[in-house]
Amino acid sequence: MANELIRLCCFVIREDFGDLIEVFILLRYFHVRISLLTPIFSTKRPAKVLFEKGRLPAALIARYSSLPLEKVKECLFILIQHNLVYWAREVPDQTKSPIFYQIDSREVLSRIKFGVYLNHTRNRFGNEGQVIITYVLLNGKASFKSLVEARNLSKRTKEYKTLKEKYAELVTEGYLKYLKYTDALSAQDKQDAAEQRELAKMTTFVPTKKEKAEARAKVAELDSIESAGGRKRKKAVVDEDHSRLSKQPRTEDVFEIIEDAQVRVNYERFNILARNDHITSFVEERINPAAKLVMKVILELADEKRLDAEESRAMSAQTIIRKVPTEDILEDQIELERQDPSHEYLVSEYLDLLVEDGSKFIRKKDDSMSGLYSVRYKDLIERLKQRKLESILQEKYGSMAVRIYKILQAKGKLEEKNIASLAMLTQADARKIIDQLFVEGLVELQEVPKAADRAPSRTYYLWYAEPERCYQKILTCLYRTLGNIHEQRMYEKEGYARLIERRAIARLRSTMHLMTPEEKEQLRIFDQSMERLDVAALRIVNLVMILTNYR
């Protein structure tokens, strides 16, 4: 999978930063000098060097990529600006120590999910939120002040106030996070430095294994406590007589944003939204749209801000019932014993249905006071992955392959004759399907010899399935397909490069009416082709997000 992953990452970087038309259009949004953007044509070479060679200083990157050192530094500047490359010194806290650069494949792969992030932004925060997130994604890092200057807004306008409120909401809820100088360091370097500081507090001698474990646990505990950097808490407002606080809700924190502070998009929060969306769609397929509505309310109440959380906090049934809106669809899609059921009774029935369903969408933790409910995120993600794997097997090899795979997953290692018996197939048909799955790497073979000579006639041949290997195999195919899609996109752009450039210039000069009908027809065909490729890529990206646990 490594080769396919490197190939896809190089195509993503090349498509986003290496096209002349792309640079020409970005000049309008970035407002930067062309000298900084011209080296982007060669970023695919330094990026590929970093993928293949690992952490390197700028001089070695220039040597392996056959580029001048100044060009390499400018390429690294752009990649650091867009959070794709991290740097670290060989010896920390020494300014003369050489700097090493490292590319993060997860950051590069996050760029293929930008369409998903923008869709969730529009649904949750409206057009104003989409404008803010789009600007930050285009620039990698940005501030509210630069956004206002780019849109040429006055502080007296209504649009400025609306954008500021939406910006504060995005920051408060964690969809935008403020940056520090050390955020340009890789996560491993920051963790190692923090562990060294904790070890220095414990001992001045060589640390023991126990002390290292304690330092690592302390660093993990500190990392889990996220500070709200870049936000200032407003002072409490008092009445005229200064006798008491004004009537403001004490439970809500009111923050004032710092307009010149740099922010970036927090991908983890958007991945949580994507995960919740897939879970609710799964509920709708398994039960009905009304159950999806109840599950959506449960996930919103949970409001988990960490993607690695295995289970949500417990919620009472009364809290869920109050949040679920009263709609006729709740009564129409479920069989009830009562003729005139109440809203509370309907929601309670759906909660029981979600608990008792085979997929176990929620878990009932306590029977007192109508019960406490929680969501097992880890189990639900595993069921989503299993469901996607079975759908792929169904599409490529048929229902019999799905049946054999389920048998191997449930029973463990089995001989061929046992598999045929349990699947109710002839041994020849079972052998044919197993061979197909084995060639694709979806099932494995274990040899158990009876004697030391390992003679085939005196050897048991056991078949088994490992889900994680299947997921990795499918991911490799998906990365290869995404790479092919990006390659086709670049091929299409090269074929229509002249027309694309002419359209971009015509739009800037408002002279679209001067283009001929033949040129407009060719551009229409190009747009349709790009739209088909985008739809195909979006479907694959959604599947990749599920198989990679939304990371």
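Analyst: In this predicted model, D357 touches R286 and I287, leaving aside residues up to four places away in sequence. With R286 there is also a polar contact between side chains, at 3.1 Å. As for its position in the chain, D357 belongs to the loop that connects α17 (343-356) with β9 (362-366). Its relative accessibility is 12%, and D357 therefore counts as buried, the cut-off being under 20%.

Elsewhere, two helices pack against each other. A helix pair of this kind is described by the angle between the axes and the distance between them. For helix α8 (residues 114-139) and helix α10 (residues 158-172), the angle is about 75 degrees and the axes lie 9 Å apart. The two helices α8 and α10 are therefore roughly perpendicular to each other. On the α8 side, the contact is formed by F125, E128, G129, I132 and I133, and on the α10 side by T162, L163, K166, Y167, E169 and L170. Sorted by class, the residues of this contact are six nonpolar, two polar and three charged.

Strand β3 (residues 99-103) runs antiparallel to strand β1 (residues 56-57), and two bridges join them. Within this pairing, L56 has Y101 of β3 as its bridge partner. Strand β2 (residues 85-89) is also antiparallel to β3, to which five bridges join it. Here A88 stands opposite F100 in β3.

Terms used: Residues numbered from 1 in each chain as written. Predicted model: local features only at pLDDT ≥ 70, side-chain atom pairs only at ≥ 80, totals over all residues. Heavy atoms only, no water. Axes fitted to C-alpha atoms, helices over the stretch in contact; angles between N-to-C directions. Helix = DSSP H or I, 4+ residues; strand = E, 2+ residues; numbered from the N terminus. Parallel < 35°, antiparallel > 145°, perpendicular 65-115°, else oblique. Contact = heavy atoms within 4.5 Å. Nonpolar A, V, L, I, M, F, W, Y, C, P; charged D, E, K, R; others polar. Pairing = 2+ DSSP bridges. Buried < 20%, exposed > 50% of the residue type's maximum accessible area, 1.4 Å probe, protein only. Polar contact = N/O pair within 3.5 Å; in protein donor to acceptor, adjacent residues only side chain to side chain.
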